[in-house]
Amino acid sequence: MMQAAETRTPPLSRRRSTWMRGCIATASLLIAPVQAQPDTPVVQAGPDATIDLKANQTRLADILTQLADSTTRNIVIGAGVDDKRVTVSVRDMTLTQILDAILPGAGCRYQDRGQYIIVDSAENLLIKEVAAAPTVVEVIHLQYVSAKSVVGMVTPLLSPAGKIVASPASDVGIESSDTDTGGDSPAGSDVIIIEDTQPRLDAIRKVIESIDVRPTQVLIEATVLRAALNDENQLGVDLNFLSGVDFQGIGATSLGGLNLEPGQVPAAEFDAGVGAVATALGGPTDGAGFTFGIIKNNVAVFIRALEELTDTVVLANPKILALNKQRGEVIVGRRDGYVTTTVTETAAVQSVEFLETGTQLTYRPFVLSNGQVRMEVHVEDSAGGLTPSDLPFENTTEATSNIILEDGHTILIGGLFRNSDDVSRSQIPGLGEVPGFGALFRRSRDSSQREEVMVLLTVHVIADRERFHELGDQMREEAEGVRLGLRERLQWFGRQRLSEAHLRSAAEQLNAGQRDKALFHTRMALASDPWSSTGRRLRDQLDHGRDAMGPNLELREWVTRQLNGRPSGDAIGPNPEHDGSPTTPTGGDADTDAEHERP
């Protein structure tokens, strides 16, 4: 008897789990990336020595081997190529074109040496080139840039086998010292020593020549103008009136009728009665201003008026020259010392500090490529001192700015205009308000203070020596003009004024051909001012006589002119055939030289 087979259906939850696992497996197959499989490179030789190449993630060494077989060129494969893989598909390209296309992307290079081609990594080929090329050592002396800065700029240009060393950096700063004199510190210019291949040395030398150039200098002129105007007006009336007694009876006195000093009222006058009326609105008199006074018996009237005007102008004009990007500072002023005390729990320590006042200019220029100058600048003009209690006080005008200005131009970088008015009245209540008549019973005081401050800057870029000498001569002429202007204010009988007068007369006589009279006036000028260099030079042209100090003084002048770079033909130099005494200048007549030396 056969029984029917029982068919069991799996539970619903198990069917769902099986279905989900199948879906996940299918999805995984759909989203899994397709891995590119490397294949054998396909190389086919085309017409005119061209090649068709197709490869997918193929070892570069295999591609190079196929290229060598198909082109009959010898290709040497270096160790740096083993782990490189490339994908390429090109048509109708020559062997060198294919190498230029695929090698840089793989970090490799090739060298065609005629019978064979070497292919290797770029780093390995560079090492081989350096090892094969001879190195050269060169010493380069620097003029304007430091060795440290040059090393930082040219080190990236060295080959792997290149070396560079620099001379020690020089000491900086100019602090005063009585023990440190430099010792055996380097005194020559900065030096760098480079060892590298000749092509690298040539390239590095060109770079150094382009950066080791004479730096530009910047001359700055600051003008600080401070003007103050104080105007004060005073007007007042003093009235004195006595009743029952007169001024003579009480022993009053007066100084020239300009004031009144009352005396003591006798006690005997008290019974009869004494009355007095006085106003003190005129203010004390010290001899300044206008005073009108009337004294008669028992009446005294004084009218006082004063207008005080104070006009103060302070002009500071510092100048300083500095290199490009270097700090320049000039201070002309005074230092006032004062004592400070620091008190602690155990002791009191005193120290001396200084208050610096005067004119100060500090700046750092940056010359731009277009000829303009960017500049950080601080200008200060101050005045101050110490109070009777030895406490410092200071009135200062300062301007700090970062600006750009043109060469030779003047700009205003700071200014202050301030005006203060003060009106005051002192009067007797009621009476001082009466129109017209009230002026007798009041005192008025008006004051006005006006202050103007301006800071101007002028900059000059000195890029060549001609410009440097031009500005130097200009500043020297300005200083000479100031010196001569100050001398013009001296008394006519002063030694310097007399010496200049005789020198002018000597030049006039020399131009007229009177050499004896010119020599007389020259000697008179030297008698008044023995240190006059103009007089000594003029005397040397007229007379060869020397006193004991003459040769030494002239020798010093000759050395000074040589250091300043003046031609030897314009200077008085020592003559070995003349027992060391200076010789007279040559190359010009006496009249021309005297005219040149005219004060």
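I started with Ile-204, which I found in helix α6 (residues 198-211). I took helices (H or I, at least four residues) and strands (E, at least two) as DSSP runs, numbered from the N terminus. I am working on a predicted model, where local features need pLDDT of at least 70, side-chain atom pairs count only at pLDDT 80 or more, and totals for chains, interfaces and linings use all residues. Residues are numbered from 1 along each chain as its sequence is written, and side-chain values use heavy atoms, with hydrogens and water left out.

**Entry 1: Ile-204**

Is Ile-204 buried or exposed? I noted a relative accessible area of 0%, so Ile-204 is buried; buried means under 20%, exposed over 50%, and partly exposed in between, with a 1.4 Å probe and protein chains only.

Next I looked up its contacts (heavy atoms within 4.5 Å). Leaving out neighbours within four places in sequence, Ile-204 touches Val-154, Leu-157, Leu-158 and Ile-194. For Leu-158, I read a C-alpha to C-alpha distance of 8.1 Å from Ile-204, across 46 residues of sequence.

**Entry 2: the sheet**

I then turned to an open, mixed sheet of three strands, ordered β3-β6-β5. Strands pair here if DSSP finds at least two bridges between them. Because β3 (74-77) and β5 (108-112) are at the edges with a single partner strand each, one side of each has no neighbour in the sheet. From one strand to the next, I noted an average twist of 20°.

Helix α2 (residues 60-71) packs on this sheet and touches β3, β5 and β6; its direction makes about 165° with that of β3. For such angles, axes are lines fitted to C-alpha atoms, for helices over the stretch in contact, and the angles run from 0 to 180 degrees between N-to-C directions.

How many bridges join β5 to β6? I found five, with β5 and β6 (residues 116-121) running antiparallel. Tyr-110 has Val-119 in β6 as its bridge partner.

**Entry 3: Val-165**

Val-165 sits in strand β8 (residues 163-166). Its relative accessibility is 49%, so I logged Val-165 as partly exposed.

**Entry 4: the whole chain**

Finally, I counted 12 helices and 20 strands in the protein chain. Of its 599 residues, 29% count as buried. Among contacts with a separation of 6 or more, 64% join residues 24 or more positions apart.
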